[in-house]
Amino acid sequence: MKGDVRTHSASSSIFVYESTHRTSFINYVASILKEKEEEETVEELQHEKIKPYTRKWEKKFSSMCMDLSLCMGRINYFWAKTRLQFNMDTITELNLIAKKDSLMSMQHECDVQHDVPAVFFSTSGYTGNFFHEFNDGILSLYITSQHLSSKIVFVILDFHDWWLTKYGNILSQLSDYAVKDFDEDTRTHCFPEAIVGLRIHHELSINSSLMEGNKSIVDFRNLLDQAYLPRIHSLIREEEERKAQEKFFESMYHTWKIPFKVGMKVHKTVHQLKRPTLAIMSRNGSRPIMNENFLVKMAVKIGFQVEVLRPKCTIELAKIYQVLNSSDVMIGVHGAAMTHFLFMRPGSVFIQIIPIGTAWAAEEYYGAPAKKLGLKYIGYEILTTESSLYDKYELDDPVLADPTRVTERGWQITKKIYLQGQTVRLDLIRFRKQLVEAYDYIIDRI
């Protein structure tokens, strides 16, 4: 929307008035005399409705999937329809109204005048799922706004304080202006231009041919660096100060035999050659690795320095970014947490453990995008004997013998059986080959 753009949150509307550039006080007075006539005769030039959320194609997709053969045997009509209803019902619908410039515009006098464009979008929908927060939100926000070089105001519908707290570092790289809460800020905000809704290319990917300057997913990754490195440097300084304090108390103890306070810990440093670092994204709910402790021990014996990450909503995202940004390899079981591969440096290794019934989604949502980022991707499809489903079903049961057939029965069944009802116990002899391949790859790069 370009021109005289004005918000009206009470009616969930955004108006754009056709400008006539009045230059005469006489003409203005004349128009006042015609106010009543204008109010009665002015017509809307255009009126559209939009829910400013990226995944609106799911409605088309669900219709197309009435013929399951068009869905590649993976995602069916009932799955898409269920997700669509749950998703889009949570999104506020906006009225986009174009009108002739008249005294009607006086009804929406500007309380706040902005000289830069605005982007309107919703933080509802699948918000709360890390994959969708990045794919449908942050990455799409970058695609939509990066060409404006931070000279833009973000106006958020269905606003969540925690979302802004979580992603504020990234938003500060995309905009030089404070975020506006469309629902709570009832003032009339006026803009020279507005983009309503976000653009999306593909799952966790950017189509460079559609971007100004041929920006790519690597450029987005560089933006994440800019967003988080200042905080990471602060965290490093805090850690150095903590270690210096511990070293001081340790020296005091050895020199003056001053006893430590109860609970004080001193970490002894062992000087050694830097080993390749491996981060394991641990799952405590569905699809956990039941023999994770043995996986850690095996990785250490191979030569890795291992850190086990257990992402929680209470953990500052910069701290997770700090670990993965400095890791050479990331391992995790297929799920939304695999979105964290975006935090890995290009040239690193991403090993995705793929449970039964998730092969297509694992490649589509994480494997293919990881390769585009420049990661070495290793997909490890587990055997039936590595799944807890092996103990629940006969080998000839479709759950084990033909997962595709089962997933076509709908999202709820797929979720219940393969996502929520499955745990993984790795065949460590078999999986060791993946770890050695990753280790050799990193050593060769070094």
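**Close-up views of a predicted model**

**View 1. Ring pairs link a cluster of aromatic residues.** The members are Phe121, Phe130, Phe134, Tyr142, Phe154, Trp163, Tyr167, Phe220, Tyr228, Tyr321 and Phe343. Rings of Phe, Tyr and Trp (its six-membered ring) pair if their centres lie within 6.5 Å; planes under 30 degrees apart are stacked, over 60 edge-to-face, and the rest tilted. By this rule there are 23 aromatic pairs. This is a predicted model, where local features need pLDDT of at least 70 and side-chain atom pairs count only at pLDDT 80 or more, while totals for chains, interfaces and linings use all residues. Residues are numbered from 1 along each chain as its sequence is written, and side-chain values use heavy atoms, without hydrogens and water.

**View 2. Phe120 and Phe191 form an edge-to-face pair.** Their ring centres are 6.2 Å apart, with the planes at 85°. Phe120 is in strand 6 (residues 118–122) and Phe191 in strand 9 (residues 189–196), so the pair ties together parts 71 residues apart in sequence. Strands are DSSP runs (E, at least two residues), numbered from the N terminus. Phe120 is buried, with a relative accessible area of 0%, and Phe191 is buried at 2%. Buried means under 20% relative accessible area, exposed over 50%, and partly exposed in between (1.4 Å probe, protein chains only).

**View 3. Lys376 lies over the face of Tyr441.** The distance from the ring centre is 5.3 Å. A charge sits over a ring if NZ of Lys or CZ of Arg is within 6 Å of the ring centre and within 35 degrees of the ring normal.

Methods:
Helix = DSSP H or I, 4+ residues; strand = E, 2+ residues; numbered from the N terminus.
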